[in-house]
Amino acid sequence: MPTRLPALALLCCLSAACAGGSAPAPLPPQPASAPTPTARASDLITEKELEDPSVLTGDAFEAVQRLRPAFLITRGKTSFRKEAPGVSLSVDGAVPIAVDNLRQLRPNQILEIRYLGAIEATQRFGTITGSGGVILVRMK
């Protein structure tokens, strides 16, 4: 018991010393920063983007090429004998069709264009997409 008393006294002194400190100084006010431009979603083309005059004059295929060219890129060959699946198109959730059908649509008719990667496309449409990506178009 006598050896615990000095340790207890030391612990009390240390806790009292720590508790008696002053309050932390408040943080200085942060300078107002300029608003950052809205980041574009890498898998979505919005109606607002499709209203851009540089996009309105062409078809939806040209709009995708200009705004998100990565939507149209395939993965390349998967083997020496078999071509990799290409990107498909689904309009308003319909069965995927050839992506060239985007040329029949005008940007001012479209609400949004979204890209589904191969895994998401297979989960949504099954193997009909051939394990390629799908461009989803929602019409107005």
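1. Let's start with Phe61. Setting aside residues up to four places away in sequence, Phe61 touches Leu72, Val99, Asp100, Leu102 and Arg103. Keep in mind as you look around that this is a predicted model.

2. Where does Phe61 sit? You'll find Phe61 in helix H4, which covers residues 60–67. Is Phe61 buried or exposed? Its relative accessibility is 8%, and since buried means under 20%, Phe61 counts as buried.

3. Have a look at Val99 too, one of the residues that Phe61 touches. Phe61 and Val99 are 38 residues apart along the chain, yet their C-alpha atoms are separated by 8.2 Å.

4. Next up is Asp59, which lies in the loop between helix H3 (53–56) and H4. The side chain of Asp59 reaches the backbone nitrogen of Phe61 at 3.0 Å. Not counting residues up to four places away in sequence, Asp59 touches Leu102, Arg103, Leu105, Arg106 and Pro107.

5. Here's a point about charge. Which side chain of opposite charge is nearest to Asp59? That would be Arg103, at 4.2 Å. A salt bridge needs the charged atoms within 4 Å, so buried Asp59 has no salt bridge. Arg103 still turns up among the residues touched by Asp59, and Phe61 touches Arg103 as well.

6. Now compare Glu49, in helix H2 (residues 47–50). Glu49 is buried, with a relative accessible area of 15%. What does the side chain of Glu49 make a polar contact with? The partner is the side chain of Arg68, at 3.0 Å. Leaving aside neighbours within four places in sequence, Glu49 is in contact with Arg40, Leu44, Val55, Leu67 and Arg68.

7. On to the sheet. This open sheet has 5 strands in the order E1-E4-E5-E2-E3, and the pairing is mixed. Strands E1 (44–45) and E3 (97–98) stand at the edges with a single partner strand each, so one side of each is left without a neighbour in the sheet.

8. If sheets are new to you, strands pair through backbone hydrogen bonds, and they do so either parallel or antiparallel. E1 and strand E4 (residues 110–116) run antiparallel and are joined by 2 bridges.

9. Helix H5 (residues 118–125) does, touching strand E2 (88–91), E4 and strand E5 (134–139). The direction of H5 makes about 110° with that of E4.

Key: Residues are numbered from 1 along each chain as its sequence is written. This is a predicted model: local features need pLDDT of at least 70, side-chain atom pairs count only at pLDDT 80 or more; totals for chains, interfaces and linings use all residues. Side-chain values use heavy atoms; hydrogens and water are left out. Two strands pair if DSSP finds at least two bridges between them. Helices (H or I, at least four residues) and strands (E, at least two) are DSSP runs, numbered from the N terminus. Contact means heavy atoms within 4.5 Å. Axes are lines fitted to C-alpha atoms, for helices over the stretch in contact, and angles run from 0 to 180 degrees between N-to-C directions. Buried means under 20% relative accessible area, exposed over 50%, partly exposed in between (1.4 Å probe, protein chains only). Lys and Arg count as positive and Asp and Glu as negative; His and the chain ends are not counted. A polar contact is a pair of N or O atoms within 3.5 Å; within protein, one must be able to donate a hydrogen and the other to accept it, and residues adjacent in sequence count only if both atoms are side-chain atoms.
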